[in-house]
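Hi,

Here's the model I promised to pass along.

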Amino acid sequence: MQKTTLWAGICVLSSLLAIPLQAAEVNLYSARKEALIKPLLDRFTQTTGIKVNLVTGKADALLKRLQSEGRNSPADVLLTTDAGRLYRAKQAGVLQTATSEILQQAIPAQYRDSEGFWYGLSLRARVIMYHKDKVKPEQLSTYEALGDATWKKAVCVRSSSNIYNQSLTASMIEANGKAETETWAKALVGNLARKPAGGDRDQIKAVAAGQCKVAIANTYYLGMMLGGDDAAQKAAAEKLAVFWPNQQGRGVHVNVSGAGVTAASKNKPEAIQLIEYLVSDAAQSWYADKNYEYPVKAGAQANAIVSAWGDFKADTLHMDKLGENNPAAVRLMDRAGWR
Ligand code: FE
């Protein structure tokens, strides 16, 4: 009897001791900055006991790294922005399919890969922003109309080398066809107030400074400028308002940030668990609040600054189309002289 008790005690003790030795881990390659993701990862670890090793870097560099590491890559999950990039990662063979009831229920079908190679985690809206003193919202309607003669030397937009513009153009190819989209791109280039330079934030600043009247930009940049600590940026952002384009038609062009399990993953169950955690209600609200994007899951809260812009109708186009139409978009933007 005593022997049995002692033996049971040893078993319990050794199983307790074994936990730290066999602790589950997941290795995450993230194109999102540490501040946007680390607190979520810490909470994931607290909840599940799964340790997360985080590697951050630029999206394209992380994709190259995954390709060169191949089967030996330590990565289990790739987290990046833009469906066009997630599509490229899938095409490059660095992701694998992952099925999850939780992910399928939480994420609308158009915001995840149809085969489960990646899942959208947040939504970003690419909109028209205008100078409140120089433009009345009634003057605006669609992305297409920014090619009209009324906007001569009035538009600011970043370079076509940027994936956000490539994805917007890809969505327009789907809606209007290649020929019409190329005509539009040429007209838009003809209406630019200046040669494309800088990122979306720089287009917002250029509108505020009076260099242009309208800009095409992602809403979270305006949110970050309004919600951040930089007084000059806040003052600039306050001169602009958000216009939701194409509300009578297909809706605002939206994109995602998302994650997929890597082809080389040695911790697939933990990798899926991590992605599932990122679509939990608490994680969705925290993530959307910090990055000024929209939660991908219905019912989760956006940041108060973002919510104040009101609701909008979003294009329901499947994100896969943004990737599929990317090469055609890049070619036509180039022919249109959008550099
Ligand atoms: Fe961005």
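Where is Ala75 found? Ala75 is in the loop between α3 (59-69) and β3 (77-81); helices (H or I, at least four residues) and strands (E, at least two) are DSSP runs, numbered from the N terminus.

Before you dig in: this is a predicted model, where local features need pLDDT of at least 70 and side-chain atom pairs count only at pLDDT 80 or more, while totals for chains, interfaces and linings use all residues. Residues are numbered from 1 along each chain as its sequence is written, and side-chain values use heavy atoms, with hydrogens and water left out.

Ala75 is buried, at a relative accessible area of 0% (buried means under 20%, with a 1.4 Å probe and protein chains only). Leaving aside residues up to four places away in sequence, Ala75 touches Asn27, Tyr29, Leu66, Thr262, Ala264 and Ser265, contact being heavy atoms within 4.5 Å. Lys64 is 11 residues from Ala75 in sequence, and their C-alpha atoms are 13 Å apart.

The other thing to look at is β4 (residues 119-131), where 13 of the 13 residues are buried. Its pairings (strands pair if DSSP finds at least two bridges between them) go like this:

- β8 (residues 253-261): antiparallel to β4, with seven bridges; Ser122 sits opposite Ser257.
- β9 (residues 294-295): antiparallel to β4, with two bridges; Ser122 also stands opposite Pro295 here.
- β6 (residues 214-218): antiparallel to β4, with five bridges; Tyr130 has Val214 as its bridge partner.
- β7 (residues 240-243): antiparallel to β4, with four bridges; Ile128 is partnered by Phe243.

Cheers

Definitions and conventions:
Buried < 20%, exposed > 50% of the residue type's maximum accessible area, 1.4 Å probe, protein only.
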